[in-house]
Amino acid sequence: MNKQCDKCFKLVNDSKLIQYFIDVIEAKDPYTQGHSHHVKVITEAIYNCLPEHYQKKIDKAKISTAALLHDIGKIKIPDNILNKDSALMENEWQVMKQHPKYGKEIILNTVFREMGDWILYHHETIDGQGYYGLKGEEIPIESRIISIADTFSALRTYRIYRPAKSIEKTIEIMQEAKGKQLDSELVDCFLSLDINFLENLECNCGICRQRREALSGKIILEKVSLIS
């Protein structure tokens, strides 16, 4: 792909390429179906609540796209590691940790190339204990925002081996992660949103919908039983 200027970034024109990437990720890793879109929605919610001086530094369309593509590097992770239904061995974990680097490599020669570092550093932590050792403001703000969205999504999403966390438990965990894993100011901004709004930022993948429907049905049956 030829080198293009910033004006060439048009989300509509590039939507097919974006969707192709997402389809490939979700076909390879069925347990993250919907996760990319979930992280995008949460990222946009975080952006919308940011103070104006932060919003002026960030292109909303671009960070939304980066959120969609943050796990694109998982395309290059072997299926036996990506879809393992038990804890990863240390050597397997070292392979899994390569996915941010692979993600940057994949988009390097596309119109999305300037998002490469945002994707590369989305597993960095504020205390410097992340994948590459960046800390604090060394980490691009876009990466810090996507990290918060990714964490929230992971906590609120059902997995084959565990249920989703309640919104109350999710907030508790994220509060504890402030200043260590997550940017304190950005977390405070996000968690200042109405709790009902946060609770409704649900993942709509098939697994999560089924689990919520099953749980809802169970609750209804329990109520009927009590009435009887």
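Which pattern does the protein follow, read along the sequence? The pattern is α-α-α-α-α-α-α-α-α-α-α-α-α. The protein has 13 helices and zero strands; helices (H or I, at least four residues) and strands (E, at least two) are DSSP runs, numbered from the N terminus. The model is predicted: local features need pLDDT of at least 70, side-chain atom pairs count only at pLDDT 80 or more, and totals for chains, interfaces and linings use all residues. Residues are numbered from 1 along each chain as its sequence is written, and side-chain values use heavy atoms, with hydrogens and water left out.

Of the 228 residues in the protein, 44% are buried. Buried means under 20% relative accessible area, exposed over 50%, and partly exposed in between (1.4 Å probe, protein chains only). The accessible surface comes to about 12200 Å² (Shrake-Rupley method, 1.4 Å probe). Carbon and sulfur atoms hold 52% of that surface. Contacts (heavy atoms within 4.5 Å) were also counted between residues at least 6 apart in sequence; 64% of these join residues at least 24 apart.

The largest nonpolar core has 44 residues. Such a core is a set of buried Ala, Val, Leu, Ile, Met, Phe, Trp, Tyr and Cys residues joined through side-chain atoms within 4.5 Å. L50 and F190 touch the most other members. At least two core residues each come from α1 (15-28), α2 (35-49), α4 (60-69), α8 (116-120), α9 (141-156), α10 (167-177) and α11 (184-191). The most come from α9, which gives seven. Residues up to four places away in sequence aside, L50 touches Q55, I58, I145, L186 and C189.

One cavity of 30 Å³ or more was found. A cavity is a set of points, on a 1 Å grid over the protein atoms alone, where a 1.4 Å probe fits but cannot get out; lining residues have an atom within 4 Å of a point. The largest cavity has a volume of about 40 Å³, taken as the space filled by probe spheres set on the points, which are joined across faces, edges and corners. E124, T125, I126, I139, R144, S147, Q181, L182 and D183 line this cavity. The lining has three nonpolar, three polar and three charged residues. Here Ala, Val, Leu, Ile, Met, Phe, Trp, Tyr, Cys and Pro count as nonpolar, Asp, Glu, Lys and Arg as charged, and the others, Gly among them, as polar.

T125, one of the lining residues, sits in the loop between α8 and α9. T125 counts as buried because its relative accessibility is 12%. Its contacts beyond four places in sequence are G130, L134, K135, G136, I139, K180 and Q181. T125 and G136 lie 11 residues apart in sequence and 7.5 Å apart in space, C-alpha to C-alpha.

Note on methods. 1 Å grid on protein atoms, 1.4 Å probe; cavity = no way out; pocket = protein on both sides within 12 Å on 5 of 7 lines; lining within 4 Å.
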